[in-house]
Amino acid sequence: MKKKNLSEINEYAKQKYKNESNPTFLKIYDALLNKVLRRSDMKQLEKKYFVSIIMPTFNRKKIISKAIDSVLKQYFKNYELIIVDDGSTDGSEDFIQEKYSKHIKSNKIRYFKTTHQGVSQARNFGVENASGNMIAYLDSDNQWHPTYLSTLIYNLDSKEEYNCAYCDVTVTNHNTENTYVLNQGFYRKKLLKTSFIDINAFIHEKSLYNQRGGFDSNLSRLVDWDLIIRYTENNTPMHIHKSLVDCFLSSELNNIALTEPLEENIAKIQQKYWKEIYWDEYNAIKDYFDEEFYLNNYEDVSKSGMDPMHHYLTIGHKENKNPNAEFVTSFYNYKYPKVARHNLNPLVHYAKWGKDEGREINYFKKRDTIINNNLIYLANYEFEIEPLVSIIILNKDGLEHLKKLFRDFSKKTNYSNYEIIVVDNTSQDDSVKYLKSLNEMDIKIIENKENVSFSKGNNDAVKIAKGEYILLLNNDIEPTYSWLNELMGTIIYNENVGAVGAKLVFPFFDDLKQQEYSFTLQHTGDIIREKDNDLCLYVPQNQSRFSPDIYDNSISVNRKCISVTGAVMLTRKDIYLEVGGLDESYCYGYEDVDFNLKLHEKGYDVIFASAALLFHHESATPRKSQYLKNHSILCEKWGEYLFKKLLRDKIEKNYFFTDKTLHFLFAAPSDFIEKPKMRNQIHSLNSYLNRENYNTSLKTDLSDLDIDCDVDILISFTQDFDVKNAISRKNLIKILILNNENVIEDDIENWDIVLCDNESIPNNDKVIYQNMNELNENIIQILYENFLDE
């Protein structure tokens, strides 16, 4: 059977040898191809096509001959080899001129020596000087198979719709001793994202160079990928499914692929072709993306030089930048976590699917829902006379917070009789300038020359305040409708009120680490927690903090509490002065708790006004810089007071100072069950305390000295427990019960109370003689008499 063309040859060889990688297949393939290409039609092809082969080189004297020889062995003979020596200093010029003088004289090889400018300039120089109508490329460290040119030219000629072609490449990496074949069929979208066509296996009409330009000298690497992207934009290349090129990688060869930076050049290429690379994404969001908004709000984008939309598609959405004034990238990721989990661009997802599904694009709906729901809880107080309220705000470099605070302030504040005093602590931004621009609000500004504490700043402002009432207000607060009316109504229409606080809600957080706290409760009044840290024994804490249920029944009614935050705290001026204002020993922490405790000590009530709703733009992560110092002051000043109040609270189950239940821990030897008297005492006392709804637990491993932080009272039935070295809360009450056993007198000093029915025990202030049959009924009375003697 006479084979007429390449397709017939390929089909015949496949049928006969099945596998294209079979050595016999390759041998037969080349033999049959050679017969076809040696017929008279090959001479017609050589008349029709003249190929200019561009070979740049730099200091490749030792290996360039293999590349040149592979060109000279080509079956297709109508070519010129243009060697562009890019400033070699290793004697390459003399070597080439001497070894290939015959070919140079015949112009089969044309040799040019240039100054060193890089591979792109060298290749462009070669193409500019090319005489052929077809251009091929071979680097000086690679080699062609003899049928390379004939195969590609023959196939291109058979399909007139193609003006460029490429074949497979065998790559050998001498550094890793790894060999693989590049044999990717053409797919434009894939080419835009990764390079899979090697320039050494690529041939094209010279007209493409004239139309599309040459190699980009701004790139130090991947210049072939860039050129092939341009040349194949409107011209699908023919793919020859055969490896006809051998490429070699080695650090000794100084390959660009191993020496020049990769990521930097990938970024440059993607920036050039971003619109086509992200064509689907571009078309999806082009009607949603606001270029002017993006550039005006993100200065770094302007400085980057990137196209704004390209920046958002590749970088900006990962940095939570917003593409327009309404779409909040971080909110969309937070609201729909699968989008973030699958690394999808939020705006693209919304444009393609989210909009039709009715998905939310910003926090305004959630925020508006919270605000609108609050309207049904408003008491809408009315006043015959509105007493003057002095609103005091401390500020330092809080311009953006102030803008949120005073935006529509008068519309949200349906209580008209107030004055505003701002204490500015040496702001370096335009805070003061902004405040002075609010002419209609007539704000009084105290411009401090030093950054004073929260306590001092407010105390100073109170001195010039004209109001009958004082309202401490943080600069990072954003009010909602009727907030001040609710506060004032609560303090005026309730008796004996020392202070009123508000319901504070966290806003939406752009910071991914804090987004889970968005639109959760920040403050609804404080309780006191006890910690097993000597330095931080009593910790004021908001009971509802981080709860998303903003309108839970328990926090939707006004109620008394131990303390409200100074971020929004209303009090009467005379009461403020009566208790001495804010204690200036504190520095931004617990001065408000201290103030509330002074009110409580004086007999005043503190009330949480549930419908006074404000957003608090503070971080969900508390500052710790002054925490220990402030806490030390609080515990030193109020430790004994709080100990008694919390103990009484737990005994009487008031759940005012704390929400914890009184907890007793029994310590007994592991064999107590075999000791009838001790066993009965523990069982009886446990039953009694449980009936009284107190918590109890048992410790029988006396070597374990750890006592849980929730334990309030330790009752030990043995002196074998080393109470002196026990690890517990500092205010743990320690009670020892002795049952006619040998007494270790030195140990008695380690206990708060020793109960016994044996009068032979040495007299000691801590020893209480107790009829053990009446212990159950007396245990609580013993606590009152010994710890709550108020």
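**Note on helix packing, strand pairing and cysteines**

1. In the predicted model, Val 593, Asp 594, Leu 597, Lys 598, His 600 and Glu 601 of helix H29 meet Leu 634, Lys 637, Trp 638, Tyr 641, Leu 642 and Lys 645 of helix H30; contact means heavy atoms within 4.5 Å. Helices (H or I, at least four residues) and strands (E, at least two) are DSSP runs, numbered from the N terminus. H29 covers residues 591–602 and H30 covers residues 627–652.

2. Some conventions apply throughout. Residues are numbered from 1 along each chain as its sequence is written, and side-chain values use heavy atoms, with hydrogens and water left out. As this is a predicted model, local features need pLDDT of at least 70 and side-chain atom pairs count only at pLDDT 80 or more, while totals for chains, interfaces and linings use all residues.

3. How do H29 and H30 pack? Their axes lie 12 Å apart and form an angle of about 45°. H29 is therefore oblique to H30 (angles under 35 degrees count as roughly parallel, over 145 as roughly antiparallel, 65 to 115 as roughly perpendicular and the rest as oblique). Axes are lines fitted to C-alpha atoms, for helices over the stretch in contact, and angles run from 0 to 180 degrees between N-to-C directions. The crossing of the two helices is left-handed, that is, the near helix is turned anticlockwise from the far one by less than a right angle; clockwise would be right-handed.

4. Strand E21 (residues 605–616) is largely enclosed by the rest of the structure, because eleven of its twelve residues are buried. Buried means under 20% relative accessible area, exposed over 50%, and partly exposed in between (1.4 Å probe, protein chains only).

5. Which strands pair with E21? Strand E15 (residues 497–505) pairs with E21 in the parallel sense over eight bridges. Strand E14 (residues 477–479) runs antiparallel to E21, with three bridges, and strand E19 (residues 559–560) is also antiparallel to E21, with two bridges. Two strands pair if DSSP finds at least two bridges between them. Phe 615 of E21 is the bridge partner of Glu 478 and of Val 505, while Phe 608 of E21 stands opposite Arg 559.

6. A further sheet is open and has six strands in the order E23-E22-E24-E25-E26-E27, with parallel pairing. Strand E23 (695–699) and strand E27 (767–769) stand at the edges with a single partner strand each, so one side of each has no neighbour in the sheet. From one strand to the next, the twist averages 25°. Strand E26 (residues 753–756) is joined to E27 by three bridges, and Cys 756 stands opposite Tyr 769 in E27. Helix H31 (residues 676–691) packs on this sheet and touches E22, E23, E24 and E25; the direction of H31 makes about 175° with that of E22.

7. Helix H8 (residues 148–158) is mostly covered, with nine of its eleven residues buried. Among them are Tyr 148, Leu 152, Tyr 154 and Leu 156.

8. A disulfide is a covalent bond between the sulfur atoms of two cysteines. How many disulfides does the structure hold? There are zero disulfides, a disulfide being counted as a pair of cysteine sulfur atoms within 2.5 Å. The nearest cysteine sulfur to that of Cys 164 belongs to Cys 167, 13 Å away. Cys 164 is buried, at 0% relative accessible area. The sulfur of Cys 561 is too far for a bond, because the closest cysteine sulfur, in Cys 635, is 19 Å away. Cys 561 also counts as buried, at 3% relative accessibility.
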